[in-house]
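The paragraphs below lead through one structure, taking up a helix, then a strand residue, and then the confidence of the prediction.

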Amino acid sequence: MINKLKALKRRYEELTAALSAPDAMNDQAAWREMVKEHSQLEEIVNAFDEYTAAVQSEADCKAMLEEHLDPEMKEMVHMEMAELAEKQRKLIEDMKIMLLPKDPNDEKNVILEIRAGIGGDEAALFGADLLRMYQRYAERHGYRMEYMNENTTEAGGVKEVVLNIIGKGAYSRLKFESGVHRVQRVPETESQGRIHTSAATVAVMPEAEDVEVEIDPKDLQIDTYRSGGAGGQHVNKTESAIRITHIPTGIVVQCQDERSQHKNKDKAMKVLKSRIYEHLLAQKESAEASARRSMVGSGDRSERIRTYNFPQGRVTDHRINMTLYRLEAFLDGDMDEMIDALILAERTAQLTGEAE
């Protein structure tokens with residue numbers, strides 16, 4: 001591990017020198033790549049420098065103990081050595097995590113889909129709750145959100161919604177949300193106060209870049225239709241809504257959020273590329289019989305990952321057996337404690353795998 005860290009430090013110093021060269025920005029593409037790599041290495045190199053300094057300080061303390069010191073000074077030196085040893089231990093643990101393979105999609109934007117599941121109108125209302133939760137989470141993190149497609153009910157529920165969440169690291173924070181989300185509560189229409197259970201499915205995909213997915217126009221069937229919505233929302237008299245079918249995979253996307261057919265087509269293509277990208281990754285995963293990322297749980301969208309229990313005011317993530325008794329705040333987008341725990345569990349699983 002130390003040899004690997006030394007090699008990373010040498011590379012960091014090479015990049016620092018290259019970026020300081022007078023002609024560094026002549027090749028803009030190469031310069032951007034160097035800046036990106038330099039930035040990625042900075043955290044672990046700083047930690048390694050801190051570790052090296054702690055090792056040197058400990059060696060200095062040991063040298064002092066060989067001198068003629070009074071008992072009080074010796075005790076102080078021993079205390080400092082204990083602190084330095086603990087600091088080194090913590091830095092080594094931190095650097096182990098930093099050295100873990102990064103998910104190449106972590107820095108990407110997100111295509112997030114919410115679909116009402118079992119439970120009829122109540123499931124659609126829960127879908128609307130999840131939509132607001134992700135809206136508030138995006139706001140807290142400074143992410144920008146665009147609607148790609150939305151199918152709502154007259155009661156204010158969400159049958160289906162597709163969002164583009166834009167911001168650095170959005171996928172790294174939201175990738176654990178894929179799965180079935182279950183809600184337990186008393187619906188407003190329930191006269192006898194019985195608790196009902198309903199569900200909604202969330203799918204999170206990294207937004208695919210053009211270079212990652214090549215689509216042959218001959219493989220596409222593009223249909224137009226008049227957009228519509230609950231209560232007359234987004235209704236227009238022209239065929240501005242778009243439905244695109246990717247014939248080889250059978251993947252179908254549609255977009256009717258914009259009044260411009262051209263804009264709807266652009267948005268639909270963005271969703272289509274992300275779904276095809278996810279489809280190709282899933283095929284690769286199946287062929288190699290190994291997960292493309294060390295997810296907590298299987299990540300299967302049929303898997304129930306979380307329960308939102310309103311009578312008890314709790315939210316439970318079943319993958320890590322974590323329960324928080326602050327449901328209202330969680331649904332207001334205060335999700336970081338749960339997401340941080342999921343990230344930690346993923347890293348712990350990765351470290352265990354590395355050790356085997």
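The expected span of a helix is 1.5 Å times one less than its number of residues, and helices (H or I, at least four residues) and strands (E, at least two) are DSSP runs numbered from the N terminus. This is a predicted model, in which local features need pLDDT of at least 70 and side-chain atom pairs count only at pLDDT 80 or more, while totals for chains, interfaces and linings use all residues. Residues are numbered from 1 along each chain as its sequence is written, and side-chain values use heavy atoms, with hydrogens and water left out.

Helix α3 (residues 71-98) has 28 residues and should therefore span 40 Å, which agrees with the 41 Å between its end C-alpha atoms. Among the buried residues of α3 are Val-77, Leu-84 and Met-95, where buried means under 20% relative accessible area, exposed over 50% and partly exposed in between (1.4 Å probe, protein chains only). The buried residues of α3 pack against α1 (2-20) and α2 (28-65).

Asn-164 lies in strand β3 (residues 158-166) and counts as buried because its relative accessibility is 0%. Its contacts (heavy atoms within 4.5 Å), leaving aside neighbours within four places in sequence, include Asn-109, Arg-144 and Glu-146.

As for confidence, pLDDT is the predictor's confidence in each residue, from 0 to 100; the protein chain has a mean of 83, and 87% of its residues reach 70 or more. Over residues 230-236 the pLDDT is below 50, although this stretch has 16 contacts in the model beyond near neighbours in sequence.
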